[in-house]
Number of protein chains: 2
Amino acid sequence: MPYGYNGKILRVDLTSGTVTVEEPGELVYRTYLGGGGLASYYLLKELKPGIDPLSADNILIFASSVISGVPIAGMVRYTVAAKSPLTGAYGEAEAGGFWGPELKFAGFDAVIVTGKAERPSYLWINDGTVEIRSAEKIWGMETGPAQEMIRDELREKRARVAMIGPAGENLVRYACVVNELKHANGRTGMGAVMGSKNLKAVAVRGTKKMEIHDPEKFRELSKNLTELIGSHGPNKVLHKLGTSNLVMAINNQGILPTRNFRDGSFEGAEKLSGERMAETILKSEEGCYACAVRCKRAVEILSGPYATSRCYGGPEYETLSSLGSLLCIDNLEAVAKGNELCNRYTLDTISAGAAIAFAMECYEAGILTKADTEGIDFTFGNPEAMLKGIEWIAFRRRGLGDLLADGVKIAAARIGKGAEKFALHIKGQELPMHDPRGKTGQGLSFAVSPTGADHVRAPHDTAFQAAGPNLGRIAPLGLLEPVAGREMGARKARNFVYLHFIWSLYESLGVCNFVAGPVWALTLPKLVEVVQAVTGWETSLWELMKVGERSVNLGRVFNLREGFGRKDDTLPERLFEPLESGALEGKGLDRGEFDDLLTLYYEAMGWDPKDGVPTRGKLAELNLYWLDEFVKDRR
Amino acid sequence: MPYGYNGKILRVDLTSGTVTVEEPGELVYRTYLGGGGLASYYLLKELKPGIDPLSADNILIFASSVISGVPIAGMVRYTVAAKSPLTGAYGEAEAGGFWGPELKFAGFDAVIVTGKAERPSYLWINDGTVEIRSAEKIWGMETGPAQEMIRDELREKRARVAMIGPAGENLVRYACVVNELKHANGRTGMGAVMGSKNLKAVAVRGTKKMEIHDPEKFRELSKNLTELIGSHGPNKVLHKLGTSNLVMAINNQGILPTRNFRDGSFEGAEKLSGERMAETILKSEEGCYACAVRCKRAVEILSGPYATSRCYGGPEYETLSSLGSLLCIDNLEAVAKGNELCNRYTLDTISAGAAIAFAMECYEAGILTKADTEGIDFTFGNPEAMLKGIEWIAFRRRGLGDLLADGVKIAAARIGKGAEKFALHIKGQELPMHDPRGKTGQGLSFAVSPTGADHVRAPHDTAFQAAGPNLGRIAPLGLLEPVAGREMGARKARNFVYLHFIWSLYESLGVCNFVAGPVWALTLPKLVEVVQAVTGWETSLWELMKVGERSVNLGRVFNLREGFGRKDDTLPERLFEPLESGALEGKGLDRGEFDDLLTLYYEAMGWDPKDGVPTRGKLAELNLYWLDEFVKDRR
């Protein structure tokens, strides 16, 4: 089947110290593309069900994609996947930056890491060659110094390093992986898996050019898209304000997570806003490989209690909310400091903030006391509690730190005393900073994501409302009518399912949601053309959407195999309770409507409504019949 | 939603004699496109379940499509739909020729005919104006003279006339509708529905040009496609030999229906072949509007018992088999004469041949005797029996003619004595000339087609084997691996479902299967571009495939509402028995494998495996939730 694309996958077994290279063949690439699609394919083939995620049996995969690394904005994201120590379910997190493209330039689409190194180690992937090197001298270091030492040791200032800091080494269940000190594969604890394997970092350097199947067509596309992406209105806002432009918009909608999701608006929101950041601590706009949008922030605070180095980037929307509004903290400098600490220690800012919010609510309810908090006042609004909390968690400081380091689900179970009702998680993963009471599709995506509560599994319902005439940008999917954020039922299910496939496709292709997101400068037909030009495949939006759907099913089957089912596809009780303030004050989700939406979703997916098990026919249709053996006992 | 396309639909109520014009709006067009998609949408909305198909309650729809009539080869087909008097299920048949484009030039996308005229009538649609005119003088006439009289009366030689002859007037349950005397909407008895409404013909003349949203893009596509379609290898074969080129190919595969499907090869096949026709009776190659392929035949026999006028066209593959090999008749002239009679009387050649084959097998088994056949020897191989049979059926001659005019299912039930086993039908419609024992996907399509056994619901499995490197032409669907004709199971289900959607899409778009068929000169991505250029919609293969899937579901729901279910989705017993001759001698289908394939199909469709009822979620996903009320009692 000589269509054009082929690539290489690097296998590293840390137990034996062996390195091999395999070529899975074009059919595998065309069927799974990359990212979570490719990673979950390998995990289902090779990972034994029921293993301890922090044991040597876990398999850790870094996956780029067939188009990742081409010089068009947004084609940069890579995925880290493994069984999650936070949820015991499928684990996966994406990051932008430069590491993904660098892996491609070094000659590989993915790295599959098995086993466990006897001593702290890191990988050095340099233009097709691979070394497993000792990390004994850098073990225990924060990311900044560790990266510097690795680059010095390799005598390669341009090595791109994906790594863990103390939180990963200490097996904090939501430790993340960070590249360039600021781009995080944030969720599901992939950093803890690295830690459990004694793998400090993966440093990469590549100088190969990407092979493009149709260079002429690609040049034309690239020129056209670069102009389009640069001049696109929403991208200009992203450039100027970053994702922090969302703080005020979401606050005005009444769904800015505040006080551990009790409120939908925060009186201090303006102080955390993108506008305020731009006027104060913003040092520069930064970006990923080949991107002119540059939506990332670098902030700097030169002195004082919150002094912050710009090399760790700056807080994005999720962090402004999780370390800010969620905790009722309106001190932007403190939030920036918290963000810096998380990047130094490699802690997921969302779960870290949510864990602290949980502790604060327990504290205010008297379930935790000053005896638990070393005398610090853990009330909402106290920046000191937030910063201490981050530090304690990262180092698993005996007591509260160690407790919260396992995530709110385990922590609440340990505490007892009714703490569960303050633990806002799904499948053990803490809620991102989006309130389903104002965007029900997002709520459904939280509930059904194989990774637990996760905001990158579907676009926000409200984005399409805001997009207005840009609704036409999802018209190629046949979605021609607007569906309101709070709507439930058949129309919501339809819109959700298609956009869910698209988001899953983006993930497998490593395409940025801000280049190809709700306000799409990169339209869906153009994305198809990019894949065609790069790979030589005469593909279509049908084939690509089916890869998205396939990837959703891979995650589902992974979790079914681990014992998850319908009971786990739910939302925390709080979201069925009324919001206590803001534009949606008094509004909660309706349990019956939500259950019905879930059933519609299962059925639209070709899954049984009892436990969401794909039918044999659906597996056949998706070219996934090989998965039937894993789920046939669940029917 | 100002994307570009809008159109008009003509409503004619024959009972009251009123004519109205409606504009359903762009959303309806984009959701259903035309053909069977649009027709079944209206039937489900407006037809009462349980009505007698031959009563005034039936609704008869002529439907073109949003792209039909543009000057690119193959964009010409239109659909006639109603509840079928042959099956009691959804009825639908397509035809090529010139009538469909002419309807568009006259300003309409579709004509919806309700009620029943008090006296014989015909419609005259002339550039946006409509008349219901008396057909009393032409009632009873064969097609040729009737068309001439209509044109004379209208003083419009260029009027395109879709009409019925005696078979339609006599309510033969498989009477067809014929335009230009030779292009037939063949199956499911749409001619009988016209007859039951006292509607002799629909004459159309239009001079409007088609509106093209993007004329420049369209010109470029049109130029490119016209060259491509003209020079494409398989199209040259079609031009030279017509569909009759298939006779020898299919005979060699061992699946040329012979002796009422007992045999898979016919010793006289060569005498019926396209090659033989080209050497003998072929007068000219003919075609449809704007087509350079010209795959249709016109034959002429100047004298003798089989003298035939070229104005009735010539036999295509289906007819060469149904009036030839199926009856063991190797006399090409006799078959050509039988074809001519069918076009004069408006009889479906497939069902007519199958009914005669049924009678012949009954005769050879002693169930029918010379007392039933007016002394004619009804053994296989006798051309006289075939020609008399056609005449008797068309005029419902008392005895055998009247008996066979109701189709083999009803006839066998009336005869009793074990005749059922010779009645090869599905849901009451006789089998087309394709043997599922050599192409199992085709068998599945026969079983599940809402119209009963029907060969235009999915491509032939074998076509893709033959296509070889052209398999790449279905690659845009993600179908990347060949699947053998006789294969069953998951891979077959997957290929079938996607191709089934594509064929359904072609039907709704009115696109010819030979321009956009298995060997596709018009590739799928190009087809998307054509729809974009004509309508102005930024559509995609995803959206269009979903229209195809939607249309399949509309037909399914129509039939569920009429009481059909899994028990009706089967194949005649004969196909589970071994073939008695040919390359597949000794091979029959396996009942267990077939049932499993059917279950996989239902599940892949999102239908329950018990009765093939679409789930609520699947209806929601397809934007068909409004159909839930029709099927909720079937779950």
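Predicted model: local features only at pLDDT ≥ 70, side-chain atom pairs only at ≥ 80, totals over all residues.
Start with the inside. The largest nonpolar core counts 361 residues. Within this core, F358(A) and F358(B) have the most contacts. Taking the chain B copy and setting aside residues up to four places away in sequence, F358(B) touches N260(B), L404(B), V408(B), A411(B) and A412(B), and also I415(B), A419(B), F422(B) and A423(B). As a bit of background, nonpolar side chains tend to be buried together in soluble globular proteins.

Now for the place where the chains meet. Chain A puts 41 residues into the contact, and chain B also puts in 41 residues. The size of an interface is often given as the accessible area lost when the parts come together. Here, chain B and chain A bury about 3,700 Å² between them, with 60% of that on carbon and sulfur atoms.

Polar links turn up across the interface too. Between chain B and chain A there are 2 salt bridges. One of them pairs R616(A) with D596(B), whose closest N and O atoms sit 2.9 Å apart. Polar contacts across this interface come to 14 residue pairs, with both residues at pLDDT 80 or more.

On the side of chain B that touches chain A, the elements giving two or more residues are α1 (26-32), α20 (490-509), α22 (541-561), α23 (591-605) and α24 (616-621) of chain B. The largest share comes from α22(B), with 6 residues. By type, this side of chain B splits into 20 nonpolar, 9 polar and 12 charged residues.

How values were computed: Residues numbered from 1 in each chain as written. Chains lettered and ligands numbered in written order. Heavy atoms only, no water. Core = buried A, V, L, I, M, F, W, Y, C linked by side-chain atoms within 4.5 Å. Buried < 20%, exposed > 50% of the residue type's maximum accessible area, 1.4 Å probe, protein only. Contact = heavy atoms within 4.5 Å. Buried area = accessible area lost by both parts, 1.4 Å probe. Salt bridge = Lys/Arg side-chain N within 4 Å of Asp/Glu carboxyl O. Polar contact = N/O pair within 3.5 Å; in protein donor to acceptor, adjacent residues only side chain to side chain. Helix = DSSP H or I, 4+ residues; strand = E, 2+ residues; numbered from the N terminus. Nonpolar A, V, L, I, M, F, W, Y, C, P; charged D, E, K, R; others polar.
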